Amino acid sequence: MTTVHANTAELPTHSGWLACSEAWLDSKGKGAWIFAMVLGFIFFWPVGLALLAYMIWSKRMFSGSCKSKRTVHHAAFSAMKPTGNSAFDAYKTETLNRLQQEQDAFEAFLERLREAKDKTEFDQFMDDRARNASKDRAEEAVE
């Protein structure tokens with residue numbers, strides 16, 4: 001019983017039993033959702049169908065983990081909001097801009113590498129083709 005309270009600490013106090021159940025199932029992972037759905041089909045099929053529909057609608061069915069998706073989304077959102085400390089916010093903005101520039105430079109570097117590889121492969125193909133064509137001409141001349 002303590003796990004329900006520990007896992008629902010982030011829920012508002014006015015959350016109902018459905019929200020608590022959802023948080024508890026999320027903490028247990030996708031297997032718990034599937035188990036609940038199977039039990040729903042066994043005991044009363046509309047409950048199982050409703051759980052299946054909810055799992056598909058909320059993308060719980062096809063994601064890696066129910067809990068990790070929310071955590072990543074929350075972490076990404078919290079990284080963008082200001083802290084209130086202007087010095088830290090300026091440092092964070094400068095660092096994010098520098099990282100974005102490095103990412104852009106790295107992507108441009110990878111694009112140049114792909115173009116160089118494509119050119120090398122194309123040149124090799126053309127050389128092989130020319131070599132085969134000259135070999136075919138030489139064989140025709142001998143006959």
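Visitor: How do the residues of the lining of the second largest pocket divide into nonpolar, polar and charged?

Guide: This is a predicted model, in which local features need pLDDT of at least 70 and side-chain atom pairs count only at pLDDT 80 or more, while totals for chains, interfaces and linings use all residues. Residues are numbered from 1 along each chain as its sequence is written, and side-chain values use heavy atoms, with hydrogens and water left out. Ala, Val, Leu, Ile, Met, Phe, Trp, Tyr, Cys and Pro count as nonpolar, Asp, Glu, Lys and Arg as charged, and the others, Gly among them, as polar. On that basis the lining comprises eight nonpolar residues, one polar and one charged.

Visitor: Which helix gives the most to the lining of the second largest pocket?

Guide: A pocket is an open set of points on a 1 Å grid over the protein atoms alone, where a 1.4 Å probe fits, with protein on both sides within 12 Å along at least five of seven lines; lining residues have an atom within 4 Å of a point. The lining consists of Trp17, Leu18, Ala19, Ser21, Glu22, Trp24, Leu25, Trp33, Leu51 and Tyr54. Helices are DSSP runs of H or I with at least four residues, and strands are E runs of at least two, numbered from the N terminus. Helix H2 (17-28) and H4 each supply at least two lining residues, and the greatest contribution, seven residues, is that of H2.

Visitor: What volume does the second largest pocket have?

Guide: Grid points are joined across faces, edges and corners, and the volume is the space filled by probe spheres set on the points. For this pocket the value is about 210 Å³.

Visitor: Which helix supplies the largest share of the nonpolar patch?

Guide: A nonpolar patch joins side chains of Val, Leu, Ile, Met, Phe, Trp and Tyr within 5 Å, taking residues with over 30% relative accessible area and no salt bridge; areas come from the Shrake-Rupley method with a 1.4 Å probe, and only the protein chains shown count as cover. Ile34, Phe35, Val38, Leu39, Ile42, Phe43, Phe44 and Val47 make up a patch of about 790 Å². Phenylalanine 44 belongs to the loop between H3 and helix H4 (45-57). Six of the residues, the largest share, come from helix H3 (residues 30-43).

Visitor: With which residue does arginine 114 form a salt bridge?

Guide: Arginine 114 is partly exposed, with a relative accessible area of 45%. With N and O atoms 3.6 Å apart at the closest, the partner is glutamate 111.

Visitor: How many salt bridges does a search of the whole structure find?

Guide: Another of them joins the side chains of aspartate 128 and arginine 131 at 3.1 Å, N to O. Both residues lie in helix H6, three residues apart. The search of the whole structure gives a total of five.

Note on methods
Patch = residues over 30% accessible without salt bridge, like charges linked within 9 Å, V, L, I, M, F, W, Y side chains within 5 Å. Salt bridge = Lys/Arg side-chain N within 4 Å of Asp/Glu carboxyl O. Buried < 20%, exposed > 50% of the residue type's maximum accessible area, 1.4 Å probe, protein only.
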